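Subject: Structure handover

Hello,

My notes follow below it.

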Amino acid sequence: MANFKFELSETEKGKIQNAILEEEKKTTGEIRVHIQRICIEDPVKHAGKIFQRLEMHKTEERNGVLFYVAINSQAFALVGDIGIHQKVGQDFWNLVRDEVIAYFKKGEFTEGLVAGIHKCGIELNKYFPADDKVNPNELSNEISID
């Protein structure tokens with residue numbers, strides 16, 4: 001597991017939610033951030049469960065992306081639904097994950113999540129552009145917390 005501590009103020013949460021909003025304006029993709037204190041299993045496996053619980057697999061184009069952080073467990077995972085995963089592949093997720101964790105290790109939590117959200121937004125826009133489509137917000141932009 002990565003060696004980082006995680007704290008997030010209300011202002012920082014607002015910055016993250018704004019990053020999600022800005023990226024989602026350009027794409028039909030959906031991005032969420034989920035935070036909890038402890039993860040007692042593999043973080044990727046657990047993030048997959050959270051992905052299902054948040055019904056992220058129910059987007060029309062199967063293009064949801066979940067950023068999962070377990071604060072006290074110092075765990076982070078990134079999960080993309082099948083529609084976007086088939087386009088970008090595992091190497092992309094690993095690259096974004098490693099970049100976000102590098103920020104976390106420097107204590108730059110908000111910056112790390114915003115950078116990761118932006119990278120995912122670029123790829124979502126590339127493969128699932130909003131264009132002139134009706135682009136409803138299928139999932140909440142609020143950070144979910146357990």
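His-46 touches Gln-36, Cys-39, Glu-41 and Tyr-68, leaving aside residues up to four places away in sequence. Contact here means heavy atoms within 4.5 Å. This is a predicted model, in which local features need pLDDT of at least 70, side-chain atom pairs count only at pLDDT 80 or more, and totals for chains, interfaces and linings use all residues. Residues are numbered from 1 along each chain as its sequence is written, and side-chain values use heavy atoms, with hydrogens and water left out.

Two of these neighbours make polar contacts with His-46. The His-46 and Gln-36 side chains are joined at 2.9 Å. The side chain of Glu-41 is at 3.0 Å from that of His-46. A polar contact is a pair of N or O atoms within 3.5 Å; within protein, one must be able to donate a hydrogen and the other to accept it, and residues adjacent in sequence count only if both atoms are side-chain atoms. His-46 is buried, at 16% relative accessible area. Buried means under 20%, exposed over 50%, and partly exposed in between (1.4 Å probe, protein chains only).

Gln-36 carries the chain of contacts onward. A polar contact of 2.9 Å links its side chain to that of Tyr-68. Gln-36 is buried too, with a relative accessible area of 10%. It is found in strand S1. Beyond four places in sequence, Gln-36 touches His-46, Ile-50, Tyr-68, Val-69, Ala-70, Ile-71 and Asp-146.

**Helix H2**

His-46 lies in helix H2, residues 43–53. Helices (H or I, at least four residues) and strands (E, at least two) are DSSP runs, numbered from the N terminus. The buried residues of H2 are Pro-43, His-46, Ala-47, Ile-50 and Phe-51. They sit on the same side of H2, because they cover an arc of only 150° around the axis. That arc is taken over the directions from the helix axis to the C-beta atoms. What do the buried residues of H2 pack against? They pack against strands S1 (30–36), S2 (64–70) and S3 (75–80).

Now the two ends of H2. At the start, a side-chain oxygen of Asp-42 comes within 3.2 Å of the backbone nitrogen of Val-44. Glu-55 follows H2 and has a positive phi, near 60°.

**Strands**

S1 and S2 are parallel, with 7 bridges. Two strands pair if DSSP finds at least two bridges between them. Arg-32 stands opposite Leu-66 in S2. S1, H2 and S2 form a right-handed β-α-β unit. Right-handed means that, with the strands pointing away from the viewer, the path from the first strand over the helix to the second runs clockwise.

S2 and S3 run antiparallel, joined by 6 bridges. Leu-66 faces Val-79 across this pair, and Ala-70 faces Ala-75. Their hairpin has 4 residues between the strands, and Gln-74 there takes a positive phi near 50°.

S2 is largely enclosed by the rest of the structure, because 7 of its 7 residues are buried. Gly-64, Leu-66, Tyr-68 and Ala-70 point one way; Val-65, Phe-67 and Val-69 point the other. S3 is mostly covered, with 6 of 6 residues buried. One side of S3 holds Ala-75, Ala-77 and Val-79, and the other holds Phe-76, Leu-78 and Gly-80.

**Cores**

The largest nonpolar core has 28 residues, and Val-33, Val-65, Phe-67, Phe-76 and Leu-113 have the most contacts inside it. At least two residues each come from helix H1 (10–24), S1, S2, S3, helix H3 (82–105) and helix H4 (109–127). H3 gives the largest share, 8 residues. Another core lies apart from this one, with 13 residues, among them Ala-47, Ile-50, Ala-70 and Leu-139. A nonpolar core is a set of buried Ala, Val, Leu, Ile, Met, Phe, Trp, Tyr and Cys residues joined through side-chain atoms within 4.5 Å.

Best wishes
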